Amino acid sequence: MAESGVLAESTQERLAALGSVDVVAGIPTYNNTATVARAGEAIERGLETDFGAMRWLIVNADGGSTDGTPARLRESLSGEKLLQLPYSIKPAGEVSIPQSGVTGKTSAFRAILNAARTLDAKACVIFEPDVTSITPDWVEAMVRPILEKQFDFVAPDHMRHRFDGAINKSIISPLTRALYGKRIHQPLGGDFGFSNKLITHYLAQDAWNRDMGQFGVEIWLLTEALCGRFRICQAKLGPKVRDAADGGPDLSDALVQVLGPLFQAIERDAMFWQRVRGSEPVSAFGQAQETSEETASIDVQKMIDSYRLGYQNLLEVWGPVLSPATLLELKRVARSDANHFRIADEVWVRTIYDYALAYRARVINRDHLLRAFTPLYLGWVASFLLEMREANQADVDRRLERLCLAYESSKPYLISRWRWPENFNP
Amino acid sequence: MWKQVNEALTEATRRVITGVANILPGMLALVLAVLGSCLVAVILKWLLERSLRSINFDARLEQWGLSALAEWSPGKSPTRLAGRVVAWATILLGLLVGLGALEAGLASQLVMQVFDYLPNAFAALVLLFFGSLVARYLARGVLIGAVNMQMQSARLLSLGVKWLVLVLTAAMALEHLRIGGDIVKLAFSILFGGIVLALALAVGLGSKEMVSRTWEKQSKESSKDAEESFHHF
């Protein structure tokens, strides 16, 4: 049964008439007319090819697009297996913060999951509408582990250039691994697969009444599955190319949108992650694809300059957040030339942990705190690129594994400061 | 005649002695009231500071985001500030009581004036407090934003914003205190205008380089910007 008030009565009547299905494929949209047809076609073809013998339905939750996105999707699909339902981009009583991607993603996900539960779907997958590289085999890769291997949560593992996704590589993936104990390569992959059991669990939570934002809802879905000890796996997919027209948020905004919900999750799940020791690999399905070795020209000097400018001006913000030893090391890095510009793993990990602690303690305004992180992050990226400029994919993977281990080995530092903050004076 | 002089002197002496005798208890009461209030102030200050320290008041204020208060406090401790405020208020009260004992009319007039002025002084204090908070918040926001935009004059901009807000707040506070009158308005206008002009010049001069660099880049049709060719997500 759907939560009361989430789906319109007419939608609920239509869902009741449909009975039950095996697979629901959700597409949340909001003004995606340029790309939605391609995504819809690929998903429909994938469902027909690999799950033709089963009952399936495509559910499109649209936030009131003004560019004809729902009509474009309807035209692109050959069959009748499409259910379109509107959702409000602003939850009642909430002021929605503008985010990149699908506006009101929380409401869209809630509507799709409600539809899937009403239809008693065994598996529900959700794909982003602005991806131009989606292929039919993505559907199979995301759905099959749920139907055949009884996994509850499928995270995508997209093929990526060895330097791409630095926010994920430097913070999200290793931090999730160290704290929650699961080695998920791309925790914020954007696409999801859920089992019926997990959907029921999600909809029983009361987090849905606030807009969690673009990345907030993704982090919540993942961490909720991790803390609930649901079975998690990864699906290896091809490269993810987004519509160029959607430029996405600028770096500073992106860091705020990602780190804020991540630190909130850490605060919320403190009882869980303090008991987790070490980490374990997560099953991966699908064929790993070769990544391009081509390196685009990247202006590392610009990143170093940003870091130095940050060090010159933002010490008053970093001072109450970071430990004296870390600040001293950051000073050394700021003064070193490009050839010796390196941020050691231990320093970086402590910086991230100190930031999580400062976010929790509200040392300064949280938005200021997260925005002041941008130069530090650019410093790490510059250090990483300079160190790995001649390296191949395998070298980069080994290097990132070392970083992940540094996160794990420094976890006692985070735990002790989390439990006894008064014993530490920065 | 000598008798008359003697009488006049006696009368004058008697009047002075009577006057002194009349004022002496009042003076004594004033001194006692001030001394007593000083003693009470010291005790109250000690008690208040002790109890505030026991609840870790300074750290709590910082946690609540009121760290700016520490900067305005003696020894950067809001606890000490609270102690001093209470002590001086007690001494002031004792002084008023003492003056009342000295001259009832004068004291009541003084008390009336003080209480009449008190709302204005309080409003000015509140204005100054919140003004400093807003100035600090905005200055830090501008500083971080400007650094992230890689502006070399980030600190100058931040300082400019801070002083704009502080000058505005100070002018409003003086207006509430009824100090200065038109001179304050005039000085504020000149100062505010000066800061805006200085900022405009600073940003303008800084932007000149930025604009020329942008044109240079466009004319050369150089490769894509570093941020664009690198995918952070």
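Residues are numbered from 1 along each chain as its sequence is written, and chains are lettered from A, with ligands numbered from 1, in the order in which they are written. Because the model is predicted, local features need pLDDT of at least 70 and side-chain atom pairs count only at pLDDT 80 or more, while totals for chains, interfaces and linings use all residues.

The domain assignment of chain A, whose bounds come from an automatic or database source, gives domain 1 (9-285) and domain 2 (300-423). Their C-alpha centres lie 30 Å apart. Across the boundary, 23 residues of domain 1 of chain A are in contact with 25 residues of domain 2 of chain A; two residues are in contact if their C-beta atoms, placed from the backbone, lie within 7 Å. On the domain 1 side, the elements that give two or more residues are helix 6 (166-180) and helix 9 (251-268) of chain A. Helices here are DSSP runs of H or I with at least four residues, strands are runs of E with at least two, and both are numbered from the N terminus. Helix 9 of chain A provides the largest share of this side, 9 residues. By class, the side of domain 1 of chain A that touches domain 2 of chain A has 13 nonpolar, 6 polar and 4 charged residues, where Ala, Val, Leu, Ile, Met, Phe, Trp, Tyr, Cys and Pro count as nonpolar, Asp, Glu, Lys and Arg as charged, and the others, Gly among them, as polar.

A residue is buried if 20 or more other C-beta atoms lie within 10 Å of its own, exposed if 12 or fewer, and partly exposed in between. Strand 4 of chain A runs parallel to strand 1 (residues 23-29) of chain A, joined by 4 bridges, and Val23(A) stands opposite Ala123(A). Strand 4 of chain A is also joined by 4 bridges to strand 7 (residues 192-195) of chain A, this time antiparallel, with Cys124(A) opposite Phe194(A). Strands are taken to pair if DSSP finds at least two bridges between them.

Of its 134 residues, Val24(A), Ala25(A), Ile112(A), Ala115(A), Cys124(A) and Val125(A) touch the most other members. Helix 14 (residues 345-361) of chain A gives the largest share of this core, 10 residues. Leaving aside residues up to four places away in sequence, Val125(A) touches Ala25(A), Gly26(A), Val139(A), Met142(A), Val143(A), Phe192(A) and Gly193(A).

Thr132(A) counts as partly exposed because 14 other C-beta atoms lie within 10 Å. The C-alpha atoms of Thr132(A) and Lys240(A) are separated by 7.6 Å, although 108 residues apart along the chain. Beyond four places in sequence, Thr132(A) touches Thr35(A), Arg38(A), Val241(A), Arg242(A) and Asp243(A).

Chain B has 8 helices and 0 strands. Buried residues make up 17% of its 233 residues. Among contacts in chain B between residues at least 6 apart in sequence, 65% join residues at least 24 apart. Two of its loops hold a non-glycine residue with positive phi. Gln150(B), with phi near 60 degrees, sits between helix 5 (104-148) and helix 6 (154-177) of chain B; Gln150(B) is partly exposed, with 15 other C-beta atoms within 10 Å. Arg178(B), with phi of about 55 degrees, lies between helix 6 and helix 7 (182-220) of chain B, and Arg178(B) is exposed, with 11 such atoms within 10 Å.

Finally, the two chains meet: 28 residues of chain A are in contact with 20 residues of chain B. Helix 11 (300-313) of chain A is one of the elements that give two or more residues to the chain A side, and helix 11 of chain A contributes the largest share, 6 residues. By class, this side has 12 nonpolar, 10 polar and 6 charged residues.

How values were computed
A nonpolar core is a set of buried Ala, Val, Leu, Ile, Met, Phe, Trp, Tyr and Cys residues joined through C-beta atoms within 7 Å.
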